[in-house]
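Student: I have this model open beside my notes, and I would like to go through it with you piece by piece. Could we start with a pair of packed helices?

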Amino acid sequence: MQHTLSVVVEDKPGVLARISAMFSNRGFNIHSLAVGPTHQEGRSRITLVVDAPALEQLKKQLNKLVNVIKVQEMESSEALEREVMIARISAPPASRGEVRDTASLFDARVIDISATAMTFEVSGTPQQLSTFLDHLGPYGVIDLVKSGRIAMKRESELTPSPVAAGVGK
Amino acid sequence: MLPDTMNQPAKFTGAHSLFRSLEHEGVEIIFGVPGGAILPAYDPLLDSRIRHVLARHEQGAGHMAEGYAQATGRVGVVMATSGPGATNLITPLQNALMDSTPIVAITGQVPTSAIGSDAFQEAYTTGLAMHCTKHSYMATNADDIPNLIHEAFHLASTGRPGPVLVDIPKDVLNQVTTWREPHLHNLPGYKPTVSGHPMQIRAAVDLIERAERPVLYVGGGVIKAGASAELLAFAEAVNAPVVTTLMARGAFPDGHRLALGMPGMHGVYTATTAIQKSDVLVSLGARFDDRVTGDPNAFAPDAKVIHVDVDPAEIGKVRAAEVPIVGDARSVLQDLLTFLGTRRDLSAAPPRDTWFEELGSWKQNHPLSYEQEPAGPIKVQHFIERLYQLTAGEAVIAAGVGQHQMWASQFWGFSNPRTWVNSGGLGTMGFAVPAAVGAKTARPDDLVIALDGDGCFQMTCQELITASTEDIPIKVVVFNNGGYGMVKQWQNLFYGGRLSAVDLGDRYPDYPKLAESMGCVGLRVDHPSEIDPAIEKMLAVTDRPVVLEVVVDGEEMCFPMVPAGGSNDRIVMRREDL
């Protein structure tokens with residue numbers, strides 16, 4: 001089972017190495033990882049998606065690291081989760097219209113184009129990106145890159161908003 | 001502001017700031033080996049009141065710092081140069097991490113401008129240390145040194161103690177700076193919980209008061225917390241038997257009616273079995289190590305567990321706890337006693353007659369045993385019993401790792417905390433001699449005896465040159481069975497007697513001669529009848545280190561034994577039982 005952890009750390013040299021060292025030491029797996037500064041000076045936020053049967057132990061070991069300030073676990077129902085993807089899809093002239101129309105359902109932007117392919121930028125929940133690929137995959141994925149997942153806890157109760165529930169936006 | 005103990009240096013540098021900071025932390029002694037990158041730090045050392053003990057190998061220096069720390073509870077300090085100096089410290093750092101020993105390691109590093117260039121004697125020390133310290137720092141500006149050192153000592157000595165490393169590039173040591181009083185710790189992510197939660201304290205007392213077969217399972221955390229007096233009061237107040245793990249020997253007096261001794265793989269039958277049959281197991285600063293639990297799924301199957309530990313990550317790691325209490329053992333024991341006192345008269349403990357009858361019968365039927373033939377060969381167990389008698393047990397004992405360590409733990413009767421210095425978690429052969437040196441520097445008036453095996457001795461015996469040179473008169477007993485006894489025991493028991501690479505031979509070295517060459521008195525004993533006079537001779541030497549070689553039975557095996565991963569219900573008492 002995958003869990004999303006939001007970890008606030010001191011922005012100091014080697015923090016990321018300490019965290020990944022602990023993961024490999026203790027036999028935990030990192031599925032995805034994203035790091036960036038927060039609004040607070042000297043604080044970074046690391047969003048981790050982990051496969052961890054022993055989640056409690058993992059959280060405790062993270063908390064044990066001196067530079068880790070806060071560890072928050074988020075259920076997907078209470079998290080605002082986003083990923084960014086760049087996907088190059090095979091699109092020869094014959095299928096180009098179809099590919100573009102399908103992609104537009106996901107608010108994907110065309111950021112590059114050649115005689116045989118179109119490259120899209122799309123952001124959304126992990127599910128949305130997965131659905132995007134379900135629909136565009138059959139045309140032929142030539143290359144693909146995904147950011148690590150970023151997440152923040154919701155303030156509101158989850159209500160079926162267009163953003164949270166829909167396929168597109 | 002200049003240190004009053006230092007001559008006014010022409011320039012006050014990072015190196016001066018380092019020593020001023022160490023003095024500020026109350027450091028009296030440093031164990032170390034100099035070298036290129038740490039050179040600047042060895043100059044202000046000459047003007048400092050801090051004593052430096054020049055070890056012959058950085059690993060030895062590290063174990064000395066550990067021995068010092070284990071024997072006192074104070075932070076041990078080790079200093080080494082970059083590259084090989086730092087990599088030689090990896091073993092003591094990991095050893096200190098596993099046994100929660102507070103040490104601070106100061107390492108030199110190549111100049112900042114050379115970092116990452118594969119410079120001479122460069123190693124990525126903070127990266128290496130990431131896996132084997134509680135925390136590590138690299139100083140990038142000499143102005144930060146007072147705060148870094150202060151933080152390092154704070155981290156090493158509070159919460160769950162452990163090793164901390166501070167790596168200082170040579171140019172930072174040479175940088176002109178000023179010393180400022182270190183300010184409060186800038187450690188937003190580090191706030192160890194000391195006091196147990198009151199609701200959990202109440203729940204623990206409820207559980208213990210209803211228990212019929214309680215056991216107090218005491219680990220090294222009780223010694224670290226200085227909680228022996230509280231443990232004694234609590235054990236008596238609840239009238240519960242006490243087992244002390246390898247790391248906790250001395251936390252509770254072995255002579256007490258409630259003491260059962262060490263549990264686990266080579267533990268006393270009654271201690272191991274009491275845990276197995278307990279209905280409430282109170283773990284105090286212990287971590288359910290595999291050498292204690294055997295097969296964790298078969299461990300103490302009927303017990304409800306109260307787990308007290310200052311490190312939250314230990315609670316629930318191996319065994320789920322019915323009552324988890326995060327806190328320092330001393331603080332929690334005090335709170336348990338106080339709360340119990342609101343419930344009933346502390347002296348009105350339940351008699352638990354049935355439980356003590358059962359424990360008594362196990363003690364009687366399954367004692368520790370060995371047979372010493374009067375004609376020899378000498379058994380280690382017998383020698384340890386004689387040494388205990390002739391010293392009245394008044395000594396600090398350091399041990400290596402292996403059979404002799406287990407026998408020392410089994411047959412030495414401990415009365416006081418911090419009189420047992422050993423490598424528990426990592427099982428580092430060669431620990432005894434340097435650790436004894438460190439302990440002796442901290443407790444010069446106490447008798448400090450290293451009980452060592454011949455295999456262990458050959459790994460670190462050069463530190464006896466340090467001991468002789470620096471006037472640190474330790475005693476070292478080398479039990480010579482001509483090989484790696486514990487490995488041999490496993491090959492005999494589990495590999496059909498196919499002995500592979502365990503024979504050290506009986507010709508070399510000549511231990512007394514080797515000892516003499518290192519400035520020690522060298523003695524040898526190989527017959528049971530000579531044991532007492534040899535011990536007397538060893539004890540009579542007080543001006544130099546002594547090495548007493550004891551030629552012992554190479555075939556003796558260490559029992560009781562629970563084979564690795566086996567259930568603690570199946571304790572092997574002698575070879576024929578396997």
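This is a predicted model: local features need pLDDT of at least 70, side-chain atom pairs count only at pLDDT 80 or more; totals for chains, interfaces and linings use all residues.

Student: What classes of residue make up the contact of α16(B) with α17(B)?

Tutor: By class, that contact of α16(B) with α17(B) consists of five nonpolar residues, three polar residues and one charged residue.

Student: And at what angle do α16 and α17 of chain B pack?

Tutor: Helix α16 (residues 380-391) of chain B packs against helix α17 (residues 403-411) of chain B at an angle of about 45°, and their axes are 9 Å apart. The two helices α16(B) and α17(B) are therefore oblique to each other, and their crossing is right-handed.

Student: Staying with chain B, what is the strand order in the open sheet of six strands?

Tutor: The order is β2-β1-β3-β4-β6-β5 (chain B), and the pairing is parallel. At the edges stand β2 (51-54) and β5 (135-138) of chain B, each of which has a single partner strand, so one side of each is left without a neighbour in the sheet. From one strand to the next, the twist averages 20°.

Student: How many bridges does β5(B) have to β6(B)?

Tutor: Four bridges join β5(B) to strand β6 (residues 163-169) of chain B, and these two strands run parallel. If you want one pair to find on screen, Ser136(B) has Leu165(B) in β6(B) as its bridge partner.

Student: Which strands does helix α3 of chain B touch?

Tutor: Helix α3 (residues 58-72) of chain B packs on the sheet and touches β1 (29-32), β2, β3 (76-80) and β4 (103-109) of chain B, with its direction making about 170° with that of β3(B). Another helix to look at is α5 (residues 90-98) of chain B, which lies across β4 and β6 of chain B and runs at about 145° to β6(B).

Student: OK, switching to chain A. What is the strand order in its open sheet of four strands, and is the pairing parallel or antiparallel?

Tutor: The order in chain A is β2-β3-β1-β4, and the pairing is antiparallel. The edge strands are β2 (29-37) and β4 of chain A, each of which pairs on one side only. Neighbouring strands of this sheet are turned by 20° against each other on average, with direction ignored.

Student: How is β1 of chain A joined to β3 and to β4?

Tutor: Nine bridges join β1(A) to β3(A), the two running antiparallel, and within this pairing Leu5(A) stands opposite Leu48(A) in β3(A). Strand β1 (residues 2-10) of chain A is joined to β4(A) by six bridges, again antiparallel.

Student: Which strands does α2(A) lie across?

Tutor: Helix α2(A) lies across β1, β3 (43-51) and β4 of chain A, and it runs at about 160° to β4(A).

Student: How is chain A divided into domains?

Tutor: The assignment gives domain 1 (2-74) and domain 2 (81-154) of chain A. Taken over C-alpha atoms, the centres of these domains of chain A are separated by 29 Å. Nine residues of domain 1 of chain A are in contact with seven residues of domain 2 of chain A.

Student: Which elements of domain 1 give two or more residues to that contact with domain 2 of chain A?

Tutor: They are β1, β2, β3 and β4 of chain A, and the largest share, three residues, comes from β2(A). The residues on this side of domain 1 of chain A divide into four nonpolar, five polar and no charged.

Student: Last topic: how many residues of chain A are in contact with chain B?

Tutor: 15 residues of chain A are in contact with 14 residues of chain B. On the chain A side, the elements giving two or more residues are α1 (15-26), α2 (55-64) and β4 (68-74) of chain A, and α2(A) gives the most, with five residues. The residues of chain A that touch chain B divide into five nonpolar, five polar and five charged.

How values were computed:
Residues are numbered from 1 along each chain as its sequence is written. Chains are lettered from A and ligands numbered from 1 in the order in which they are written. Two residues are in contact if their C-beta atoms, placed from the backbone, lie within 7 Å. Ala, Val, Leu, Ile, Met, Phe, Trp, Tyr, Cys and Pro count as nonpolar, Asp, Glu, Lys and Arg as charged, and the others, Gly among them, as polar. Two strands pair if DSSP finds at least two bridges between them. Axes are lines fitted to C-alpha atoms, for helices over the stretch in contact, and angles run from 0 to 180 degrees between N-to-C directions. Angles under 35 degrees count as roughly parallel, over 145 as roughly antiparallel, 65 to 115 as roughly perpendicular and the rest as oblique. A crossing is left-handed if the near helix is turned anticlockwise from the far one by less than a right angle, and right-handed if clockwise. Domain bounds come from an automatic or database domain assignment.
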